[in-house]
Amino acid sequence: MTALPKSLEDNRRLDRWLGFAAGRVQVSVGKVEIGQGIATALAQIAAEELDVSLARLDWRAGDTQLAPDEGSTSSSLSIEVGGASLRLVCAEARALFLAEAARLLNASPDELDIADGAILRDGAETGHDYWSLAARVELARDATGAVPPKPRAAHRIVGTSTPRRDLPEKLAGRGFVHDMVLPGMRHARVLRQPRPGATLVSLDAAAIARAGASLVRSGDFAAVVAPTEAVLRSAAEAARPQWRDGDAAAPEMAEAAWLATQPADIRTRGSEASPPAGRRHAASYSRPYVSHASLGPSCAVAHEHDGILEIWSHVQGVYPFRANAAGTLGRDPDSIIVRHAHGPGCYGHNGADDAALDAAIIATLLPGTPIRVLWSRADEFAFAPAGTAMQTSLSAVLDADGRPIDLSATIVSGVHVNRGAGRLLAARTLPNAQPLPPPAESSDPYPGAGTRNIVPYYDIPATRYAHHLVAGTPIRTSALRGLGAVENVFALESFMDELAGLAGRDPVAYRLGLLSDPRARRLVERTAAMANWPARGPAGTGVGLGLAFARYKNRSGYACVAVRVEADTEIRLRHIWCAADAGLAINPDGVRAQLEGGIIQAASMTLKEQLRIDADGIASRSWADYPILRFSEIPPIDIALMDEPDEPSLGMGECTMGPTAAAIANAASHALGLRLRHMPLTRERILAAAA
Amino acid sequence: MTSLTVNGTVRTSVSPPATPLLDVLRGEFGLTGTRFGCGEEQCGACLVLIDGAPAQACGREIATLEGRAVTTVEGLAGHGIIAALIAEQAGQCGYCLSGMAVAAAALLARNPTPGRAEIAQALDPQLCRCGAHPRILRAVERAARDMAAGGTGR
């Protein structure tokens with residue numbers, strides 16, 4: 001038997017996933033809705049395999065008491081792993097019910113079918129359904145994974161653009177953890193340690209009390225608790241905490257170039273042979289620190305009651321967070337329940353875990369009182385983990401035709417994977433805070449973090465890379481949509497255009513000469529056709545067309561992006577085209593939404609975004625300091641979803657990020673007749689490249 | 001105390017006069033559709049209509065609203081823009097959508113047939129981080145069409 005998908009291997013019991021009662025199907029999963037539409041796509045998979053209507057599903061996602069442990073909702077794996085697991089669970093449950101019905105009806109299971117939960121025999125109702133049989137069918141058993149799911153041709157719900165389950169409630173003014181109100185709930189805010197390691201010297205407790213609030217404190221952890229949000233804000237302002245010491249940062253640390261001067265843990269992978277002699281080309285690319293910049297600040301509610309600490313949060317992983325909180329609080333994980341609740345858009349490891357730990361600590365200090373923590377906008381910018389700055393340097397040896405026969409890469413990066421016990425902000429301020437071990441991050445090519453997508457998808461006989469992992473970033477960094485693939489694909493796909501130029505070849509033809517995967521070739525050809533590539537024109541006219549391709553993690557979703565820009569001392573997006581291959585798209589419109597969103601977010605980062613740094617760390621603390629792309633700056637975006645329904649479903653949430661960044665750089669370089677290698681591609685960068 | 005009309009109903013706030021309207025709506029009146037995004041009038045998540053004109057609720061003190069009429073996203077429940085946003089699946093996380101709906105309703109009230117550039121201009125102060133912009137633009141166009149056809153607008 002082939003191995004079960006990880007989520008099912010980790011949660012074998014069928015009744016962990018499914019229950020049938022009162023004409024409803026209770027589906028419990030660990031992969032959570034973070035704005036990517038996963039709750040809808042997974043529901044389609046469940047309804048499809050069970051042969052029930054979507055309207056019968058009651059959905060529970062991310063709950064340490066009631067739902068399976070699927071780890072974190074990350075890395076574009078929720079369909080590939082979570083969906084594959086749920087599909088097997090539902091197929092097996094359906095088969096068990098059919099077998100029981102067949103026994104009762106003295107029929108063969110082959111004679112039976114299911115329509116919206118009712119058992120049919122030769123198309124006629126039998127009087128049996130999931131709910132009438134539920135008492136007879138034991139789901140408290142381990143899945144075998146041996147029941148084959150439906151063939152593609154039988155799909156009626158999978159493959160359709162089913163509307164999102166969560167949008168109506170959100171538009172009706174409910175649905176976010178921010179909107180939760182518990183009886184007696186109080187509002188709280190932590191007075192944040194301004195620099196790592198700083199010690200709290202004093203604060204104005206009398207002023208906090210005059211403002212109508214109270215203070216809770218444990219070591220250097222101090223929080224203001226108030227009856228309303230408005231009182232909380234004035235009390236937090238009145239607190240005037242004084243801190244001493246702590247690690248200072250400096251403005252020059254905001255640049256990727258500074259990171260490259262720092263001590264690093266160097267790991268090498270790939271070909272151990274030295275690069276051969278021959279004509280070479282080398283170039284270095286970078287991106288700065290970038291912010292998740294979610295539209296709503298992080299929020300959580302926590303309530304210590306009846307010996308249980310109950311937490312509602314928009315974390316990506318309720319079980320990993322519970323383990324982290326249990327370690328920090330020194331209590332049994334079984335005494336903590338973490339329930340996922342909707343939050344503003346999540347693009348990776350943002351402030352959600354920190355806000356949840358804030359609320360948890362305050363709740364344990366004030367047992368019986370539900371505590372709501374909502375970060376300020378300034379705190380969200382300043383204290384949520386950032387996407388790390390990176391520098392990727394490439395060196396190729398070329399054959400007589402200008403094709404790369406050997407490629408060496410050097411990646412300099414802070415950490416992209418920075419979860420785990422003791423690493424959350426509040427944990428660093430508690431009296432029992434332990435010294436942190438250095439960050440652990442694999443340098444393997446798959447799935448990769450800083451090294452993600454550094455191995456080209458092209459046919460290059462020998463490749464190797466060195467990963468310089470820098471622990472001493474000036475600000476806390478962790479996973480942000482695409483991780484290292486954004487910078488690595490930006491570098492590789494910019495480099496491909498440079499190599500094509502040196503070879504005197506068209507960039508599309510040059511890529512196709514190195515791509516053997518037929519799906520990748522179709523995608524590049526399709527994108528080029530959409531963008532009318534043959535009419536591209538010469539370089540340096542102020543109008544440019546650029547293209548870039550990657551397969552995310554070299555195993556997941558394929559995306560090719562083409563961009564037309566106008567450029568002088570600034571870059572204006574004029575049109576974007578994207579062809580993508582998701583394999584079997586569970587929800588084609590949901591895939592398109594993810595592609596569009598990734599393109600726009602990547603375009604914003606590529607053109608505009610960089611976190612500024614001063615002595616107190618992140619200095620960009622408002623939207624005025626950290627502009628993102630607005631409506632009037634976003635061009636028409638045409639998406640073509642390739643039809644590959646017989647191929648396995650691929651995760652699509654992150655696959656456009658790197659190709660978009662590189663396509664913009666390639667288009668701008670074509671327009672300007674000069675190469676831009678450092679994000680963001682601002683006026684200053686253009687002037688510097690031209691000088 | 002401040003008396004104002006919220007979504008057609010007269011409400012009285014007992015919050016201190018300097019309390020932002022956003023806190024009154026969410027905390028005192030339980031109308032959580034108006035979202036807190038920044039508290040600095042920079043993102044548009046808390047956009048409401050005050051006597052029909054768009055305003056960011058985080059920047060308006062409750063005492064300045066005596067006798068005024070406030071419309072929140074809850075007050076747009078039957079408005080064509082809500083159905084259009086759902087029809088176009090114009091949200092990813094959905095956190096910005098209340099403000100988008102209010103901004104669009106204000107635009108459509110003064111210009112029932114806006115072109116795409118006019119829509120983008122009207123929505124430009126409204127931030128979205130998920131990249132739902134193309135769908136939101138299409139939703140406003142759809143709402144305009146539906147309302148012109150005598151549909152669900154008002």
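**Charge, fold and aromatic pairs in chain A**

In chain A, the mean position of the 70 positive charges and that of the 77 negative charges are 3 Å apart. Lys and Arg count as positive here and Asp and Glu as negative, while His and the chain ends are not counted; each charge is placed at NZ of Lys, CZ of Arg, CG of Asp or CD of Glu. This is a predicted model, in which local features need pLDDT of at least 70 and side-chain atom pairs count only at pLDDT 80 or more, whereas totals for chains, interfaces and linings use all residues. Residues are numbered from 1 along each chain as its sequence is written, chains are lettered from A and ligands numbered from 1 in the order in which they are written, and side-chain values use heavy atoms, without hydrogens and water.

**Overall form**

- Chain A contains 17 helices and 26 strands, taken as DSSP runs (helices H or I, at least four residues; strands E, at least two) and numbered from the N terminus.
- The C-alpha trace of chain A spans about 75 × 75 × 50 Å along its principal axes.

**Burial, surface and contacts**

- Of the 691 residues in chain A, 62% are buried, that is, under 20% relative accessible area with a 1.4 Å probe, protein chains only.
- The accessible surface of chain A is about 24,100 Å², and carbon and sulfur atoms hold 52% of it; the areas come from the Shrake-Rupley method with a 1.4 Å probe.
- Among contacts in chain A with a separation of 6 or more, 78% join residues 24 or more positions apart, a contact being heavy atoms within 4.5 Å.

**Aromatic pairs**

- Over all chains there are 10 aromatic pairs, meaning Phe, Tyr or Trp rings (for Trp, the six-membered ring) with centres within 6.5 Å; planes under 30 degrees apart are stacked, over 60 edge-to-face and the rest tilted.
- Y285(A) and F490(A) form an edge-to-face pair, because their planes stand at 85 degrees, with ring centres 6.2 Å apart.
- Y285(A) lies in strand β13 (residues 279–287) and F490(A) in helix α12 (residues 484–503), so the pair ties together parts 205 residues apart in sequence; both residues are buried.
- F381(A) and Y626(A) are a tilted pair, with ring centres 5.6 Å apart and planes at 50 degrees.
- A cluster linked by ring pairs comprises F20(A), F97(A), Y130(A) and W131(A).

Definitions and conventions. Buried means under 20% relative accessible area, exposed over 50%, partly exposed in between (1.4 Å probe, protein chains only).
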